[in-house]
Every structure is written in structure tokens, then in C-alpha cells.
Amino acid sequence: MGTDSTAARTLLDRADTLNLQTGNLLNWGRLKSKCPLNPSEELHDCIRTTLNEWSLKISPELVQESPQTLECSLSQAIETINPDEREEMRVSAKLFVLGSGISSIRRAVDMACSTLGVTQLDSVIIAPPPLEDGTSLSLEHLQPYWRELESLVQDKKVVAIGTSDLDKPVLEQLYLWAQVKPNSNQVNLASCCIMPPDLTAFAKEFDIQLLTHNDPKELLSEESFQEALTEGIQECQAVEWSPAWFLRYSVIVKTRGIIKSKGYILQAKRNVSP
């Protein structure tokens, strides 16, 4: 294991961007046998395992090249959608932007399309952007993110866009302001066991789907990411790295409601102090 870890460490030390793809988790035999993980544990496990297995397959040529951007994936788990079956599949994604980079929204969608071999995603839900402690989510926080999503709809990269964890006042403000209206809003059932009546009434009136989710408020902290990085590549300089965004996708067979594919795509940046 030592030499493999050394090559991975060397590459990580020289790169400034890490793109990580899990491929289809349904192809991961060992994950099936485990008891259900919560979303944070699942993501942590996916990062660690992907890095670990990737580090075992590094070629000497890659070490010589020392690319600025490391593409870390398990080729055997990557699964594109057959173009003949595309119409039968619904491809949806939830995007978590951790830094302030609005441009990462387009990058994440492009990478998801490329990974799955499709030209557009059927729906993208954006998780609320990170806020400073004590700050409440407002329309002003959402607007730059939403504009970027709207441009993806106009460019036909995404069909429908949605939100997560908005209460009725903020959802209403977004709906009235937006050019491309939100078609869904996810509600965390851990925070409220029943849907708030005012939210339900508003969603019904304006034909917004209310969905449920069980993602914790912070699905991937910087500490958790660095921990998974260290577990995947022993003795690496994990503290220099921060996750910029991650996206969770699922491919569902429309007629049967069966999940055909599910995975994560993540980008991390190295914070190199001058």
C-alpha cells in the first residue's frame, strides 16, 4: 500500500483542483451489504473509498505529468445512459455549493452531463447557499444562484429547477421574482414532521411540487472532507484542501420508478497560501 499512497500523495501535493466521481453506487457491491448509511456517512464513505481505489491504479505516466487538475474516479463504476433509453429515464440532481463560486453551478451540471453521457438534466435542485451564523436565508442570497440556474435552463442544459428548505415567504418571493419559476421545493422532514400548511397551500396554488429529503443541514463539512481525504490517501496534506461543491445525481426509470443509477460528483480546491 505504501508506494500506491506515495504516488497519490505526490499528485495531490502538486495539483490545485480535485474532481472526484463515484460512478454508479449501485455497482459498488460492498455498499449494498452495509446497513443503510445516513447521507453524510454515505458521502464520507464514497470519498474515502473512491480515493483509496483510485490510488491503487495510478500509472507512472500520470505521476510524471503531475496534472493541475486530478480526475479521480473508478472507471469500472462509471455508467453512461444508453441514448436509445434516454427518453425512458429521468435524470435529476441536487447541487450543494459550498464556496461562494456561482460559476461552479454550470461546471457541476456540465460534469454531471458528461459523466452520464447526456446533453441535459431533467431537474436540478439547489441546496441553500452557506450562510454566516445567525443569518437567515433571504431572496438576496438566492438570486445569484438562481440566475445561473435560469441561464442553464435557457441553454437547454437543464429542464426544470427547484429549491430546498425554503419556507413559504422566501419561496413566494423567489417565485414572484424569478423568470424561470421553481417547480419543486424540498422539505426536511427531520425539522418538521408535517408539511407547514401555508407552504402546502402556496405550492398547490402555483403548481410547485413539495418533496421530502433527509439531508442534514451540513452534509459535508470541511473537516469531514479532510478526514475522508486522509483516510483515502494516508499522510496527505488534507488541511490544504476544501470542498468547493458536490452534486448527487439519480437516474430513475420513469415508468417503473426504479433507481437505475445514483452517484456523487465532487470538486475540491487546494488553498495554497502565498
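A residue counts as exposed when its relative accessible area is over 50%, and as buried when that value is under 20%. These terms are applied here to a predicted model.

Helix α8 covers residues 197–205. Its buried residues are Leu-199, Phe-202 and Ala-203. Viewed down the axis of α8, the buried residues fall within an arc of 100 degrees, so they line one face of the helix. The other side of α8 carries the exposed residues Pro-197, Lys-204 and Glu-205. The buried residues of α8 pack against three elements: α7 (168–177), β6 (184–188) and β7 (209–213). Just after the helix comes Asp-207, with a positive phi of about 60 degrees.

Strand β7 also belongs to an open sheet of nine strands. The order is β2-β1-β9-β8-β3-β4-β5-β6-β7, and the pairing is mixed. The edges are taken by β2 (69–73) and β7. Each has a single partner strand, so one side of each lacks a neighbour in the sheet. On average, neighbouring strands are turned by 20 degrees against each other, direction ignored.

Several pairs show how the sheet is put together. Strands β3 (residues 89–97) and β4 (residues 121–126) pair in the parallel sense, over four bridges. In this pair, Leu-95 stands opposite Ile-126 in β4. Strands β1 and β9 are antiparallel and share five bridges. Here Thr-17 is placed opposite Lys-269 in β9. Strands β8 and β9 also run antiparallel, joined by twelve bridges. Pro-243 faces Ala-268 in β9. The β8 and β9 strands form a hairpin, with four residues between them. Within the turn, Gly-257 has a positive phi of about 65 degrees.

Helix α9 (residues 222–232) lies across β1 (17–21), β8 (241–253) and β9 (258–270). Helix α9 runs at about 85 degrees to β8.

The analysis then turned to empty space. Rolling a probe the size of a water molecule over the atoms shows where such space is left. The largest pocket holds about 1,100 Å³ of space. Its lining consists of 40 residues. Those nearest the centre are Pro-128, Pro-129, Asp-165, Lys-217 and Glu-218. Helix α8 returns here: β3, α7, β6, α8 and β8 each supply at least two residues of the lining.

Key
Residues are numbered from 1 along each chain as its sequence is written. This is a predicted model: local features need pLDDT of at least 70, side-chain atom pairs count only at pLDDT 80 or more; totals for chains, interfaces and linings use all residues. Side-chain values use heavy atoms; hydrogens and water are left out. Buried means under 20% relative accessible area, exposed over 50%, partly exposed in between (1.4 Å probe, protein chains only). The arc is that of the directions from the helix axis to the C-beta atoms. Contact means heavy atoms within 4.5 Å. Two strands pair if DSSP finds at least two bridges between them. Axes are lines fitted to C-alpha atoms, for helices over the stretch in contact, and angles run from 0 to 180 degrees between N-to-C directions. On a 1 Å grid over the protein atoms alone, a cavity is a set of points where a 1.4 Å probe fits but cannot get out, and a pocket is an open set with protein on both sides within 12 Å along at least five of seven lines; lining residues have an atom within 4 Å of a point. Grid points are joined across faces, edges and corners, and a volume is the space filled by probe spheres set on the points.
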